[in-house]
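Here is a friendly walk through how the chains of this assembly meet one another. Have the sequence and the 3D view at hand as you read.

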Amino acid sequence: MSEPVTTLPTPMRVEYAFTAGLAQSRYLQGIAEGKFIGQRCPKCHQVYVPPRGSCPTDGVATTDDVVLGNAGTVTTYCVVNVPFQGQSIEIPYICAQILLDGANIAFMGLIQEVPPDQVRMGMRVEAVWVDPSEWGPTMTSVKYFRPNGEPDAPYESFAKYL
Amino acid sequence: MAKRCAVVGVGQTKCMAKREDVSIAGLVREAATRALEDAAMDWSDIDAVVIGKAPDMFEGVMMPELYLAPALGAVGKPMLRVHTAGSVGGSTAIVAAHLVAAGRFERVLTVAFEKQSDSDAMWALSVPQPFSAPLLAGAGGFFAPIIRAYMRRSGAPDHIGILVAVKDRLQALRNPYAHLHIEDISFDMVKDSVMLWDPIRYLETCPSSDGAGAMVLASERVADSMATGRPPAWIHGMAMRSEPTMFAGRDQVNPQASKDCAADVYAQAGITDPRAEIDVAEVYVPFSWYEPMWLESLGFAPEGEGWKLTDEGATALDGGDIPWNCSGGVLSSNPIGASGMLRFLEVAMQVRGQAGDHQVDGVRRALGHAYGGGSQFFSMWVLGADKP
Amino acid sequence: MSPASSKPVRPVAVVSVAQSRSVRREDHRNEVEILMPVVTEVFAKIGVTKNDMGFVCSGSTDYLVGAPFSFVSALDAVGVWPPMRESHVEMDGAWALYEAWTLLQEGELDTALVYSFGRSSPSDLRRVLALQLDPYYLAPLWPDPVALAALQAQALIDAGRATEGDFAAVAARSRRDALGNPNAQVAKDQAPEELLADDYVVAPLRRHALPPITDGAAAVVLAAGDRARDLVERPAWITGIDHRIETHALGARDLTASPSTALAAEEAGVFERWGSGSGAVAVDVAELHTPYASQEGVVRHALRLADSVAVNPSGGPLAANALMVAGLLRIGEAAQRIMDGSAGSAIAHATSGPCLQQNLVCALAAEPDGKGS
Amino acid sequence: MAESDVLRAPHVLEYPYLRSLGPVLGAFFTGLRDGRILGARSADADGTPTVVVPPTEYDPATGRDVGELIEVGPGGVVTTWAWVSEPLEGQPLDRPFAWALVRPDGATTAMLHAVDAGSPEAMASGMRVVPRWRPAEARTGTLLDLACFVPEGAG
């Protein structure tokens, strides 16, 4: 008699037809044109990027497009030094919250072209895009962010976005 | 008006990286059976069952309460399944308690579990969707920048996170159910562990565990007539609050929902000075730095000074005036969907004097806490030895 | 255990209902974008805002979206700010309504928003719903929900309780009634004989006995006591609500009966309030969440419905069946008929799991004491 | 934003779950691998003895712990069935078959499996079926070690 059975493999696979939805599609179409397009809430007038289709505090649709610039501020960051499944960048690297100029919310982005120990809260950065011929409606159109040489933003200027 | 409700039975499993000796049903029954035994009840005594867990993709079973209904003796009874992200273990207990507080039922079994070793927790938490940005950092990468913001804001010295990591692991050595039992845990061991998501070191993070927790909640009439000899732990207050994951001007370090939830639960319990009036707390600390952050948010210390309590040993089981996470906390055991319930049931054990080697003497009131999502979902309860 | 029906109930009513149009495939809007106008409408109908809500509770499942935490982003459709008391069940929205109703029973809060959303179109539901089954003994064989419903239908036929003609009659009536429901997805006037020409999907269930695949969302506002009367002239009072579950092991169940529905109805006070001398329950309307035509008779029987009861005048789940939404929508449709004066009493039913494993019964009336008018 | 500009893409959810079984389920799957069907002794709410197949750690009605495991079947009775003319991906047979609840001899509950009957005319509730096992060397401890049931006498 062989060994008792103690485990059961149950592979699972389900296919979905994913829809990005109106707001995310609008944002990614902008990315395909090399632009960050945020949306302003008609009620609280805050600018969201990426836009989520609705203002998360007011629960109303955001429809007013705002084209944002390429520069922003690192509000806070961490140094990623752990390998994990699906990772595409060599460790260690900087993962930062970046507040684009004119936006009222930061999003997470990769910082390169600077040693990890020289990244600072308040550092001014700019987006580095892939070659325009490769722009598409995907976040991979933005390679990463890098320091743009401007003096650091004062803490008070971004403290409320932490 | 809300009826009184008490915890009259608790049960939990040993947490481990892989519970290879049980099925999913076997795991939840281990906790539930112990809670029933503690309450001196049988399956047939229970009126309703409320179960919680984090995403179904951990086990690959959609709405597993359907499959688990008979395993939890729920046939012919109401059964609810709660999912509020990481806070779910706490909110599950609260939903169950409301069934009693609303006067609907007298004996409610509540269970939370995760058997995340059936899959890979990291995979189940981060299924990449089309068009989303490539995965940058994992869970720690979400919270590490927030921790850095706290350090900047409070001026807390680097070693605070290490102190918490050591303290909770030392306390875990006194809890036989804890997953991590690191006998030689030390300041240097944590300090020298790999910096995974600077400023978070490996030993400052929680493990991935299989585990379950369960409680029997009872009406005043039932709790008063218990013949188990063990006192009930009365609910003095319970509250939940949510806020959006991200919005302009959101305080991610000290979320408003956390402060509002604490204010609500303290108001219900008549607490005005948490540090003085609460004897012990089990607070959801998955990364060590969340202890000083929650000390402030929960009103145990003024804003910017939570780290000082940790630094002076106020939160330690040995010698502290407000011991936090005597069980070892989430840093020592983390079956995600059950982690909140373990916090909630550990304080019940403290109030009932059944916490064994990690018992704090003479607990009259205790705070159980859980949070989840992007620090946006909060659930808390205050239990007391006296009838509210 | 004393029956819930003997316990005092704080009067709580449905005061507003909104739903998206049920469609086969919503592929340009995501979940938040489908839900947001529904939430906006449910508030606008009674002139309130989210800040007037004491509690928010929702129902949904990650497996329809194929991503964990799908309920989290849906909160953006509400705008839970300042922070709100909020909870979520990984269940049909009908159970979220139960949770909200329970909280309102305690007396501290007076209002609640309940919503649910479900896009059934992105995946193959027959495959996804197999994941709802026992992961050791059932799911590995990938039995689909149609097959399990067909086992139940065959058991009914074997027991002499139903015929294929009965299933077709239910489907024909549902589709015809749906002609009067602008939100319904399948609305046609067809004779049962015509439907019997459909192919079998899994015998003995033909195409018409199956629910459509639907994307949609629904929202309901609950209010207690005087607050309900302030908000609307004719609230739909919940006179009782309860739910029960059966074993998951199909081979240990009598598939021709729904004891959990009967027990939930008993606990919701349905028989006590409306069961006349003959025992038949004579409410004006019953909205039954019986996704398969073969299941309607089982639930009707368990509820002891009189022949006079208008069953699924909205068209019911055979006309639109957004998963996780359809149960809540039954309560919404039943309540709507009380609010608009076309009914004085109603029963709404929701189900979950294979072959009616879990059932919820909600009794509604134009007066809080259960008297219709 | 025109509806036609909305971005759509396939999304696949795929994972090889590996489940630990514990003593009762482990014994059942070990039994299947060894060509036997096991049930568990139990009792209903009234105390009437029952035999639960497939066995779980708990009684499917009362939730109480089950008792010893015993061999049942291998033959049994179809309690209800449904005919599949177009099998779906992953189902036990790739040709038309019947799903059936089969109550093995000696058991008081029924288990779900496929019956390879050729045509719906060969199926009826109450009919007797017997297992068709995979060859012993191909059995690994899964539900499909019992490939399907077949009408008794059909070979």
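## Where chain B meets chain C

In this predicted model, 14 residue pairs are in polar contact between chain B and chain C, with both residues of each pair at pLDDT 80 or more.

How many salt bridges does the rule find across the interface of chain B and chain C? The count there is 1. The side chains of C:Arg85 and B:Asp264 meet in a salt bridge, with 3.4 Å from N to O.

## Where chain C meets chain D

Now turn to the contact of chain C with chain D. Here 31 residues of chain C touch 37 residues of chain D. The buried area is about 2900 Å², with carbon and sulfur atoms giving 64% of it. Which residues of chain C lose the most area to chain D? They are C:Tyr136, C:Tyr137 and C:Leu141, together 28% of what the chain C side buries.

The rule finds 2 salt bridges across the interface of chain C and chain D. A salt bridge between the side chains of D:Arg8 and C:Asp27 spans 3.2 Å from N to O. Polar contacts across the interface of chain C and chain D come to 12 residue pairs, both residues being at pLDDT 80 or more. The elements α2 (62-65), α5 (125-128), α6 (145-158) and β5 (200-203) of chain C each give at least two residues to the side that touches chain D. The largest share of that side, 7 residues, belongs to α6(C). By class, the chain C side that touches chain D holds 21 nonpolar, 5 polar and 5 charged residues.

## A strand pair across the boundary

Strands take part in the meeting of chain C and chain D as well. β5(C) is joined by 2 bridges to strand β5 of chain D (residues 76-84), and the two strands run antiparallel. To find the pairing on screen, look for C:Val202, which stands opposite D:Val84 in β5(D).

Chain C is divided into domain 1 (4-124 + 213-231), domain 2 (142-209) and domain 3 (236-365). The centres of domain 1 and domain 2 of chain C, taken over C-alpha atoms, are 30 Å apart. Their contact takes in 8 residues of domain 1 and 4 residues of domain 2. About 420 Å² is buried between these two domains of chain C, of which carbon and sulfur atoms give 32%. In domain 1 of chain C, C:Gln19, C:Arg21 and C:Ser22 lose the most area to domain 2, together 76% of what that side buries.

The rule finds 0 salt bridges between domain 1 and domain 2 of chain C, while 3 residue pairs, both residues at pLDDT 80 or more, are in polar contact there. The domain 1 side of this contact in chain C divides into 2 nonpolar, 4 polar and 2 charged residues.

## A sheet in chain A

Strand β2 of chain A (residues 36-40) is joined to β4(A) by 5 bridges, running antiparallel. A:Phe36 stands opposite A:Leu68 in β4(A).

## Salt bridges over all chains

Over all chains, the count by this rule comes to 69 salt bridges. One to look up joins the side chains of B:Asp56 and B:Arg81, at 2.9 Å from N to O. Because B:Asp56 lies in the loop between β2 (48-52) and α2 of chain B, and B:Arg81 in strand β3 of chain B, the pair ties together parts that are 25 residues apart in sequence.

Note on methods. Residues numbered from 1 in each chain as written. Chains lettered and ligands numbered in written order. Predicted model: local features only at pLDDT ≥ 70, side-chain atom pairs only at ≥ 80, totals over all residues. Heavy atoms only, no water. Salt bridge = Lys/Arg side-chain N within 4 Å of Asp/Glu carboxyl O. Polar contact = N/O pair within 3.5 Å; in protein donor to acceptor, adjacent residues only side chain to side chain. Contact = heavy atoms within 4.5 Å. Buried area = accessible area lost by both parts, 1.4 Å probe. Helix = DSSP H or I, 4+ residues; strand = E, 2+ residues; numbered from the N terminus. Nonpolar A, V, L, I, M, F, W, Y, C, P; charged D, E, K, R; others polar. Pairing = 2+ DSSP bridges. Domains from an automatic or database assignment.
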